[in-house]
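Here is my note on this structure. Please keep the model open while you read the points.

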Amino acid sequence: QVQLVESGGGLVQPGGSLRLSCAANRSIFSIYRMAWYRQVPGKQRELVAAISSGGNTNYADSLKGRFTISRDNAKDTLYLQMNSLQPEDTATYYCNAAVGPIPVSLYWGQGTQVTVSS
């Protein structure tokens with residue numbers, strides 16, 4: 001079983017930056033895919049960015065150029081660098097891991113709050 005703990009959220013002004021971290025309780029080297037999602041009250045949880053064990057990445061179209069996902073296998077940690085933050089980025093951000101073998105098991109962290117206020 002995998003436990004995930006997010007950190008790094010907080011209050012920032014528009015145009016500011018934050019780096020979120022997701023620490024795992026075991027090696028992430030063999031985890032098939034890790035990702036960041038976000039959710040606001042009354043709306044569906046949406047994918048922010050994902051990264052495979054091989055280093056391939058994908059992003060929500062609206063976030064390309066502002067957000068960067070990365071992983072450090074030596075530190076068992078996933079990161080999300082967020083730049084040029086806007087009020088519409090305000091949400092709870094969740095770390096996700098897809099772990100094999102088939103059928104793949106999904107694990108979630110408890111989330112970290114990001115608030116962008118003018």
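Which side chain meets R66 in a salt bridge? Find that partner first, then read on.

1. The partner is D89. The side chains of R66 and D89 form a salt bridge, with 2.9 Å from N to O. Bear in mind that this is a predicted model.

2. Now place the two residues. R66 sits in the loop between strand 6 (57-59) and strand 7 (67-72). D89 sits in the loop between strand 8 and strand 9. The two are 23 residues apart in sequence, so their pairing ties together separate parts of the chain. R66 and D89 are both buried.

3. D89 has another salt bridge, this time with R38, at 3.0 Å from N to O. This pair also links distant parts of the chain. R38 belongs to strand 4 (residues 33-39), while D89 is in the loop between strand 8 (77-82) and strand 9 (91-99). They are 51 residues apart.

4. R38 also pairs with E46. Their closest N and O atoms are 2.7 Å apart in this salt bridge. Is each of these two buried or partly exposed? R38 has a relative accessibility of 8%. Buried means under 20%, so R38 counts as buried. E46 has a relative accessible area of 36%, which makes E46 partly exposed.

5. R38, E46, R66 and D89 form one network, joined by salt bridges that share partners. The structure holds 4 salt bridges in total.

6. Step back to the whole chain. How many helices and strands does the chain have? There are 0 helices and 11 strands. Read from the N terminus, the elements run β-β-β-β-β-β-β-β-β-β-β. The radius of gyration is 14 Å, close to the 13 Å that the globule rule gives for 118 residues, so the chain is as compact as a globular protein of that length. The C-alpha trace spans about 45 × 30 × 25 Å along its principal axes.

7. Take the contacts in the chain with a separation of 6 or more: 54% of them are between residues 24 or more positions apart. Of the 118 residues, 40% count as buried.

8. Last, surface and charge. The accessible surface of the chain comes to about 6,500 Å². Carbon and sulfur atoms account for 47% of that surface. The chain carries 10 positive and 7 negative charges, and their mean positions are 3 Å apart.

Terms used:
Residues are numbered from 1 along each chain as its sequence is written. This is a predicted model: local features need pLDDT of at least 70, side-chain atom pairs count only at pLDDT 80 or more; totals for chains, interfaces and linings use all residues. Side-chain values use heavy atoms; hydrogens and water are left out. Helices (H or I, at least four residues) and strands (E, at least two) are DSSP runs, numbered from the N terminus. The radius of gyration is taken over C-alpha atoms; the globule rule is 2.2 Å times the number of residues to the power 0.38. Buried means under 20% relative accessible area, exposed over 50%, partly exposed in between (1.4 Å probe, protein chains only). Contact means heavy atoms within 4.5 Å. Accessible areas come from the Shrake-Rupley method with a 1.4 Å probe; for residues, only the protein chains shown count as cover. Lys and Arg count as positive and Asp and Glu as negative; His and the chain ends are not counted. The place of a charge is taken as NZ of Lys, CZ of Arg, CG of Asp or CD of Glu.
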